[in-house]
Every structure is written in C-alpha cells, then in structure tokens.
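Please walk through this protein with me, from its helices to its salt bridges and rings. Keep the sequence and the 3D view open as you read.

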Amino acid sequence: WELTDTDGIKRLQRRFKFGDFAAALDFSQRVGQEAESEGHHPRITLEWGRVGVEWWTHKIRGLHRNDFVMASKTDELFAQTPDTAAS
C-alpha cells in the first residue's frame, strides 16, 4: 500500500493486476461486498486487467484505523484470487 495525499486528504492506495477484465471485475465486486458488509467504502477504479483501491475516511477527511483494517481485508481478498500479480 502507498500513502498518498489527494487534495490534502491522506489515503491508502494500491493497484492490483489481473489477467483479464473478468478477473478484475470479480475482485472489484468482492471488495465492494466486503466494504458494504463493513459499512466502509473505498474508491474502486476498474480497468481491463487492473483495479485501483483507495481507502480513507470521508467523515474525518483522512485515515482512521478502519482504513488499515480494510486495506488488510482487501489484501486477503486478492490473495484468494487465482493467477494474480500485484503492483
């Protein structure tokens, strides 16, 4: 995960690579389902073979412990995906 600053708001950001669009879409959906179950939602950017995920807490305009927890859960979801390569 990379710590970034967008418009003065610190965020956790990571890009994940996949072999095709279908795998990237499936991962995006699984991240979205986990986010919905936790009531904490990231920015997800879906492209052919790539998914970008950014975690931050909108209410405090920065990072909270939950963002780090969700980043870890995102990594777990990625680890469960066959034939992937992170960047």
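## Charges, rings and a helix face

K73 is partly exposed, with a relative accessible area of 23%. Here buried means under 20% relative accessible area, exposed means over 50%, and partly exposed is what lies in between (1.4 Å probe, protein chains only). This is a predicted model, in which local features need pLDDT of at least 70 and side-chain atom pairs count only at pLDDT 80 or more, while totals for chains, interfaces and linings use all residues. Residues are numbered from 1 along each chain as its sequence is written, and side-chain values use heavy atoms, with hydrogens and water left out.

Which residue forms a salt bridge with K73? The partner is E34, and the closest N and O atoms are 3.5 Å apart. A salt bridge here is a side-chain nitrogen of Lys or Arg within 4 Å of a carboxyl oxygen of Asp or Glu. E34 lies in helix α1 and K73 in helix α2, so the pair ties together parts that are 39 residues apart in sequence. Helices (H or I, at least four residues) and strands (E, at least two) are DSSP runs, numbered from the N terminus. E34 is partly exposed, at a relative accessible area of 23%.

By this rule the structure has eight salt bridges. One of them joins the side chains of R14 and D75, at 2.3 Å from N to O. This pair also links distant parts of the chain: R14 is in strand β2, D75 is in helix α2, and they are 61 residues apart. D75 counts as partly exposed, at 26% relative accessibility.

Another salt bridge stays inside one helix. The side chains of R30 and D26 meet at 3.1 Å, N to O. R30 and D26 are four residues apart in helix α1, so about one helical turn separates them. An α-helix has 3.6 residues a turn, so residues three or four places apart point the same way. R30 is buried, with a relative accessible area of 18%. D26 is partly exposed, at 35%.

Now look at helix α2 as a whole. The helix has 15 residues and reaches 22 Å from its first C-alpha to its last. That is close to the 21 Å expected at 1.5 Å a residue, where the expected span is 1.5 Å times one less than the number of residues. Which residues of α2 are buried? They are D67, M70, A71, T74, L77 and F78. Seen down the axis of α2, these buried residues fall within an arc of 115 degrees, so they line one face of the helix. The arc is that of the directions from the helix axis to the C-beta atoms. On the other side of α2, R65 and A79 are exposed.

Rings of Phe, Tyr and Trp (its six-membered ring) pair if their centres lie within 6.5 Å; planes under 30 degrees apart count as stacked, over 60 as edge-to-face and the rest as tilted. The count comes to six aromatic pairs. In one of them, the rings of W1 and F16 have centres 6.0 Å apart and planes at 70 degrees, so the pair is edge-to-face. W1 sits in the segment before β1 (2-6) and F16 in strand β2 (residues 9-17), 15 residues apart. W1 is partly exposed, with a relative accessible area of 34%, whereas F16 is buried, at 0%.

The rings of F18 and F78 have centres 5.6 Å apart and planes at 80 degrees, so this pair is edge-to-face. F18 lies in the loop between β2 and α1 (21-38) and F78 in helix α2 (residues 65-79), so the pair ties together parts that are 60 residues apart in sequence. Both F18 and F78 are buried. Ring pairs link W1, F16, F18, F27 and F78 into a cluster.

Finish at R43, in strand β3 (residues 43-47). R43 is partly exposed, with a relative accessible area of 39%. Leaving out residues up to four places away in sequence, R43 touches R11, G52, V53, E54 and W56. Contact means heavy atoms within 4.5 Å. R11 lies over the face of W56, at 3.6 Å from the ring centre. A charge sits over a ring if NZ of Lys or CZ of Arg is within 6 Å of the ring centre and within 35 degrees of the ring normal.
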